[in-house]
Amino acid sequence: VQLVESGGGLVQAGGSLRLSCAASGDTIRIDAVGWYRQAPGKQRELVAAILSGGSRTNYSDSVKGRFTISRDNAKNTAYLQMNSLKHEDTAVYYCNADIMTVLFRWSNFWGQGTQVTVAS
């Protein structure tokens, strides 16, 4: 099982990006999904999370009202829509998920990360 992020890049302050996190491999079920970010010299922090049904979401105070997390369970994909981007949103963004594999075991997976750079 792999998580692959995409959609990062360079954007001007005030702009938008949409990140995707696709799970591939022998996936039976995906439970909670979280988007994290890590800026240079800082600890990795959780910015948004969504439960399996998609109805419950949580956001860090720093992104609340600007970022929206969503998921398409049919496609095993989660998204992070980022609007009104600020320079301080610059970081490597990672997705994380609890996944049941074909062995019917739950495991936690991380993606490889995607760079988001916001020019001020």
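Two strands are taken to pair if DSSP finds at least two bridges between them, and strands themselves are DSSP runs (E, at least two residues), numbered from the N terminus. The structure described here is a predicted model, in which local features need pLDDT of at least 70 and side-chain atom pairs count only at pLDDT 80 or more, while totals for chains, interfaces and linings use all residues. Residues are numbered from 1 along each chain as its sequence is written, and side-chain values use heavy atoms, with hydrogens and water left out.

Five bridges join β1 to strand β3 (residues 17-24) in the antiparallel sense. Within this pairing, Gln 2 has Ser 24 of β3 as its bridge partner. Strands of a sheet pair in general through backbone hydrogen bonds, either parallel or antiparallel.

Strand β4 (residues 27-38) contains Thr 27. This residue counts as buried because its relative accessible area is 18%, where buried means under 20%, exposed over 50% and partly exposed in between (1.4 Å probe, protein chains only). Leaving aside residues up to four places away in sequence, Thr 27 touches Val 1, Asn 76, Ile 99 and Met 100, a contact being heavy atoms within 4.5 Å.

The loop between β9 (91-101) and β10 (106-110) holds Leu 103, and Phe 104 has its place in the loop between β9 and β10 as well. Leu 103 is exposed, since its relative accessibility is 59%; Phe 104 is likewise exposed, at 61%. Together with Ile 28 and Val 102, Leu 103 and Phe 104 make a nonpolar surface patch of about 420 Å². Such patches consist of residues with over 30% relative accessible area and no salt bridge, nonpolar side chains being joined within 5 Å; a salt bridge is a side-chain nitrogen of Lys or Arg within 4 Å of a carboxyl oxygen of Asp or Glu.

The backbone also deserves a look, as most residues other than glycine have a negative phi. Phe 104 has a positive phi near 60 degrees. Ser 84, also not a glycine, has a positive phi of about 50 degrees. Ser 84 lies in the loop between β8 (77-82) and β9 and is partly exposed, because its relative accessible area is 43%.

Conventions: Patch = residues over 30% accessible without salt bridge, like charges linked within 9 Å, V, L, I, M, F, W, Y side chains within 5 Å. Areas by Shrake-Rupley, 256 points an atom, 1.4 Å probe, with all protein chains shown as cover. Helix = DSSP H or I, 4+ residues; strand = E, 2+ residues; numbered from the N terminus.
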